[in-house]
Amino acid sequence: MPSWRLSHLSTDCSSVPATAGCCLVFAGIDATADRIVNALRDCTPAVFRVGLGDTYSYDVHGAVIDVTKSDHYQRLLNDLKRDGCAIDCIVHAFNLDGSSEESWSYDPAAMDKSLYSVLYLVQALGDRMPGHPITLNLLARHVALVLDGDKVCPERAVLTGISRVIPHEFANVTCRVLDVGDQATRPGRVGSWEEDIARDVVSESMDAQVAWRGSQRWIRIFEQVTPGNGTAPSVLRERGVYFVTGGLGGIGMAIAEHLAQAVQARLVLVSRRVMPPRANWASIIDAATDNELCTLIRRIERMETLGAEVLLACADIADQDQVREATLAAVGRFGAIHGVIHAAGVAGDSMITTKTRSSVAAVLRPKVDGTVELARAMQVFEPEFFVLCSSMSAVNGGVGQYDYAAANAFQDAFAVRMDGVGRTHYVSIGWAAWKEVGMAANMRLPAYLLAEKEQQLKSAIGTDEGVRALMAILADPLPHWIVSPRDLAGTLEAARPNSGLTGAVSRPLTPTNVQPRQELTTTYIEPDNQIEEVLVGVWQELLSIDRVGVADNFFELGGDSILIIRLHTMMRNQLPELMREVPLKLLFEHPTVAGIGAVLAERYEALHYAGEVKKMRETTLIMEVGEI
Ligand SMILES: NC(=O)c1ccc[n+]([C@@H]2O[C@H](COP(=O)([O-])OP(=O)(O)OC[C@H]3O[C@@H](n4cnc5c(N)ncnc54)[C@H](OP(=O)(O)O)[C@@H]3O)[C@@H](O)[C@H]2O)c1
């Protein structure tokens, strides 16, 4: 379970390196922000403040942007670069406002200031300042429940999820969340509360999630605990009515099967999929042309032979009318709803550089809008429990997971916020990957990543283990859990993206551990132009292999999805001009020196022979369109 530990910050402003550049602060009109900006002015050589407005404006004293316009972030970084402002620290403080009001209701516009604002900012950093070391501090209020009485705002809690993704994709960006509570009165202490926060911002602390409460500094940790003490009685009712979203998906159906077996439950299985009428099931099974459908039908029929009753409801869980219709159908048939398992979800799989507002919204839909609509529709029925199937990605991030990690962090915070408000016990479970069923097990990957996937799934959650964990968690009053079959601290440490250009490495690199090139499916081909020579050098250094052929596949050579991020950074350092605006995704698509070398050679041609930057931009655009 997530927990917090008091921690001491030793840095003082005088220890900040004299060479430190400009600190870029995004802050609206807010008294707390004003005080922190003033304190930062004492800690850093220069502070450039960016406020909120409807139109873009910029001068040497500050700028204003419309938070929803991605091009405003691009213009801002361009203007700063033109004026020689070298940024090495960013404070994103658009989420410092607001009071700790008792009630909360979802405000989609609040996501503009958190999730989308940071997305556009990071995309602009990738475009305008590739490879430049930056510390990005996400400074906000109401992110986490640290002390009794803290009010969590799920739209802001998304910052914790995205902060764990950004450094995975941008090895040059260190990202931290600083959740600040109310200003403290500090009898007997030197320095002000805002000075403490400013010191934390400029410190080289690696604490990924910090919370300031009064004059106390807390850092997030995870405690290993056995839910319900392992002995608490089951909360399931004999023939209870359980509403399972994602009920035809991997985890949803596995849980439904358990409920059928354990308590002969009356089940409502919700999905967007339109199932054929029951009258046709026998002939579908006889025809045996659609294996997946036949398996679904057999599994539903098996639940019914175990004594369960199954109602199939076709609904998009994020659509208010459809959710209401599904809940009314459930109550119409079974008379009540005793528990909800919200297991609807879609995976996110694209890099930050290629994300758009609509692609992000699609991943948020079942977990953010869906959670909100489902909870609203359930209020009147007061189920005993409402389980949110979240993911560990909310705390450990991962490549390609910007939207997914945010959506899961939202669910975690939603459970924390809603639990204890009414009669329903809300609980969010951050699952690690399940090995036999569901989106991780079924994920389609290119051939070169299959071995890595198999390896990862070996230590994933088995279906029985997952169901047992759920039952134990349901018997416990806490609202947020993480279920990991591996030691969580070790898993988080291994997944921890390091800061700066040392990047994320999954093994130590020393000149003494250089290995000879193993037998591969490709024969060795030596580099035949300068670009390939540079690339071969980088690959050899990174992988500690004595010679890499230009046709050798990075993943067959032992590279993995973490090492490829380091490769991207190293290539950017070696070939800054050619690698400018080359997204990481391109390396996944061209995992050989010859492949990526050809792409870079084309850029070289455009840059040097056609001569104009314009042509280079066109080439880049064509490549980017190709990727989408
Ligand atoms: N499997 C894992 O390893 C794993 C790990 C961590 C967390 N989780 C979480 O656990 C939950 C279940 O995952 P899973 O592995 O069972 O995934 P899954 O097999 O893909 O099932 C998810 C189901 O959600 C349904 N769905 C998606 N959007 C929906 C919407 N707007 N309205 C209604 N239904 C919707 C989909 O069915 P339709 O397309 O028919 O609607 C799909 O069958 C997800 O929230 C996932 O994030 C899974």
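1. Which residue of strand 17 does Trp431 stand opposite? Trp431 faces Val483 there. Strand 16 (residues 425-431) and strand 17 pair in the parallel sense over 4 bridges. Two strands count as paired if DSSP finds at least two bridges between them. Helices (H or I, at least four residues) and strands (E, at least two) are DSSP runs, numbered from the N terminus.

2. A word on the source. This is a predicted model, where local features need pLDDT of at least 70, side-chain atom pairs count only at pLDDT 80 or more, and totals for chains, interfaces and linings use all residues. Residues are numbered from 1 along each chain as its sequence is written, and side-chain values use heavy atoms, with hydrogens and water left out.

3. The open sheet has 7 strands in the order 13-12-11-14-15-16-17, with parallel pairing. Strand 13 (309-314) and strand 17 (480-483) are its edges, each pairing on one side only. Neighbouring strands are turned by 20° against each other on average, direction ignored. Axes are lines fitted to C-alpha atoms, for helices over the stretch in contact, and angles run from 0 to 180 degrees between N-to-C directions.

4. Two helices pack on this sheet. Helix 13 (residues 402-418) touches strand 14 (339-342), strand 15 (385-391), strand 16 and strand 17. Its direction makes about 155° with that of strand 15. Helix 16 (residues 463-474) touches strands 14, 15, 16 and 17, and makes about 150° with strand 16. Contact means heavy atoms within 4.5 Å.

5. Strand 9 (residues 209-213) is largely enclosed by the rest of the structure, because 5 of its 5 residues are buried. Buried means under 20% relative accessible area (1.4 Å probe, protein chains only). Gln209, Ala211 and Arg213 point one way; Val210 and Trp212 point the other. In a regular strand the side chains alternate between the two faces of the sheet.

6. Strand 9 has two partners to note. Strand 8 (residues 173-180) pairs with strand 9 in the parallel sense over 4 bridges, and Leu178 has Val210 as its bridge partner. Strand 10 (residues 216-222) pairs with strand 9 in the antiparallel sense, also over 4 bridges. Trp212 stands opposite Arg217. Strands 9 and 10 form a hairpin with 2 residues between them, and Gly214 in the turn has a positive phi of about 60°.

7. Now the ligand. A polar side-chain atom of Tyr404 lies 2.5 Å from a ligand oxygen atom. For Lys367, a side-chain N or O atom is 2.8 Å from an oxygen atom of the ligand.

How values were computed:
Buried means under 20% relative accessible area, exposed over 50%, partly exposed in between (1.4 Å probe, protein chains only). A polar contact is a pair of N or O atoms within 3.5 Å; within protein, one must be able to donate a hydrogen and the other to accept it, and residues adjacent in sequence count only if both atoms are side-chain atoms.
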